[in-house]
Amino acid sequence: MRAMVVKEFRQLLRDKRTLGLLIGLPIVLLVVFGYAANFDVSKIPTVVVGPQAAEVAAQLHAPFEVTEIDPAGDRATVASQLQDGKAVVGVVTGQSPMPALMDGTQLFSVQAAKGAFARMAQADVADGVKPPAVTPEVLYNPDIKTSWIMIPGLTGLILLFIGTMTTSLGIVRERQAGTIEQLAVMPFRPWDVIFGKILPYLLLACLDLIAIVLLGMALFGVPFVGSVATFGIGALLFLLVTLGMGVLISTVSQNQGQAIQLAIMFVVPQILLSGLIFPVDAMAAGVRWIAYILPLTYFVDISRGVMLKAEPISALWDPFTVLLVMAIAVLGLAVLRFRRDLAPSTRHHSAEEPELKAVA
Amino acid sequence: MVGGDGAGKSTLLRALVGLVRLSAGTARRPGKRSIGYIPATAGLYVDLTVEKNLAFIGRAYGVTGAEYVTRSEGLLERIGLTQARSRLGGQLSGGMQRKLAVAMALFHDPELLVLDEPTTGVDPVSRAELWRLIARAAARDTAVVVATTYVDEANRGSTVLLMDQGRAIATGSPSDIIAAVPGAVGVVRDAVRPRGPSWRSGSSWRVWAPSDSLPEGAESVTPTFDDAVMIAALADGEKA
């Protein structure tokens, strides 16, 4: 047995990346996830509209953060702000009790807002001041069902797992089999190989996506109120990023083990940091910036917005643009990296002579 | 191209087809569409059938339709895999795999065929069949560059490059290389190893005398190609 133990240690010590992962990853994960794991929303973007907008806004304290006061606005103004994701709570003044519209796709913010309104009512009673009577009204997800909020984002997580894991093996498998050198000598351009690797998986992932969205709707009654086309474009961009990331991982890995490790390192943080479970706004600042560079963060925005709120594409430019930039960056890097590996001599000291006649 | 393991044959072939960046010198080759290359380790997809492997090559080089059928049937026939067309690449024997790989490299009728140890680990019958394929391509005006560790195979080349430790130690036709052998070669039919540079050949010893004076008991012979290869390596070792 001693021989086996020593051999395993030697092999482990040789693979620095695995070793680093075994020692470094638990520490990083604990710290990052520890700071991310926060259900307490400290800021709730709030709009106040109607004739008493200014007075009511003055009475709203933390966690409410009044982002807009619009005395000329009405219920429709609030609804549109909530739909576009510019605010989570909107108070419509000018009637009693005042309706406080809430974005039901923001589970923890809604809970925090309800709690805050209840505490305000009690505090004002204690002070002997007449409390502003507020009736919470939750839009898009009136029963605040967790499944409605989770399933749109979960579709993204599932695609992330399948997409990144499968494509991360694509090129490294050719490298280990040695066929990659043949591909390099065949009349392919680097992007022929990269996109040739991605397209079959993209097609399968699209079918997967349709199946899981339909299943989510059938099993959990999740609504799909928005535009299928908007959702489709968002999903396509997201898939290009995840599949491209898989291929990029594949081009920088020497063997399938390394590829899987890197894919796990890319996928796992997104479970907790993408806003799927913990709200991104509630995360510590440093960790929030990690959330902003993860593609799932943007797909969660798009899928929740479109499926539950019918958010129009005009309100989703930010996540669309970020995903597009990510897709271009990831695929571009994969092609460059692949070119560097495969065709090192195209620019140096080599001449290709299409007309060179064979001299046997 | 002949040399022992680690002599630099694969690297030189990879440089020739453009997989290695050259730090000096030039490599002249036809365009990618006119090169057929098999690395030492691979040559085909083990998780695709014989037919699907050929279909991939056909599509990659734009050989389709009737032309594809004619070429693939012809090649399958020639390598004796017509019956095995639906078998997975990984289920073929080592020899069959190499034959399929060579057939794939020849599929698009390349101007330059580069084969890295195509016959290593292949049984003698399959080796002969492989060489028939390669010779046929050469006869049809394809330039063939083959790396091998087998000296008898190197003898088939019109030009032979002997390599050792990353350097060319001799080059020329087999007869040139034999003619260039310095000193004298003898044979000693004795169980005891003679003095000086010598090596086993069957039940006797071959002995090389760089200064022409063979040891006592040695019978002078005309060097063979095998002798020439051995002596080139010894002579290079003495220089170094």
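**Domain organisation and sheet architecture of chains A and B**

Chain A is divided into two domains, domain 1 spanning residues 44–139 and domain 2 spanning residues 146–342. The model described here is predicted. In chain A, the centres of domain 1 and domain 2, taken over C-alpha atoms, are separated by 36 Å. The contact between these domains draws on 7 residues from domain 1 of chain A and 11 residues from domain 2 of chain A. On the domain 1 side, helix 5 (residues 107–127) of chain A provides the largest share, contributing 3 residues. Classified by residue type, this side of domain 1 of chain A comprises 2 nonpolar, 4 polar and 1 charged residues.

Chain A also contains an open sheet of 5 strands, arranged in the order 2-1-3-4-5 with mixed pairing. Its edges are formed by strand 2 (64–70) and strand 5 (134–139) of chain A, each of which pairs on one side only. From one strand to the next, the twist averages 25°. Within strand 5 of chain A, the residue standing opposite A:Pro99 is A:Thr135. Helix 4 (residues 75–83) of chain A lies across the strands of this sheet, namely strand 1 (44–49), strand 2, strand 3 (89–92), strand 4 and strand 5 of chain A. Relative to strand 3 of chain A, helix 4 of chain A runs at about 180°.

Attention now turns to chain B. Chain B is likewise divided into domain 1 (2–157) and domain 2 (176–239), and the C-alpha centres of these two domains of chain B lie 36 Å apart. The secondary structure of chain B amounts to 8 helices and 11 strands. Taken along the principal axes, the box filled by the C-alpha atoms of chain B is roughly 70 × 40 × 30 Å. Of the 240 residues in chain B, 40% are buried. Where contacts in chain B link residues at least 6 apart in sequence, 65% of them join residues at least 24 apart.

Strand 4 (residues 112–116) of chain B is mostly covered, with 5 of its 5 residues buried. In a regular strand, side chains alternate between the two faces of the sheet. In strand 4 of chain B, both faces are covered: one side carries B:Leu112, B:Val114 and B:Asp116, the other carries B:Leu113 and B:Leu115, and all of these residues are buried.

Strand 4 of chain B pairs with two strands. Strand 3 (residues 35–38) of chain B pairs with strand 4 of chain B in the parallel sense over 4 bridges, and B:Ile35 has B:Leu112 as its bridge partner in strand 4 of chain B. The pairing of strand 4 of chain B with strand 5 (residues 143–147) of chain B is also parallel and extends over 5 bridges. Here, B:Leu115 stands opposite B:Val146 in strand 5 of chain B. Together with helix 5 (residues 124–139) of chain B, strand 4 and strand 5 of chain B make a right-handed β-α-β unit.

Methods: Residues numbered from 1 in each chain as written. Chains lettered and ligands numbered in written order. Predicted model: local features only at pLDDT ≥ 70, side-chain atom pairs only at ≥ 80, totals over all residues. Domains from an automatic or database assignment. Buried ≥ 20, exposed ≤ 12 C-beta atoms within 10 Å, placed from the backbone. Contact = placed C-beta atoms within 7 Å. Nonpolar A, V, L, I, M, F, W, Y, C, P; charged D, E, K, R; others polar. Pairing = 2+ DSSP bridges. Right-handed = clockwise from strand over helix to strand, strands pointing away. Axes fitted to C-alpha atoms, helices over the stretch in contact; angles between N-to-C directions.
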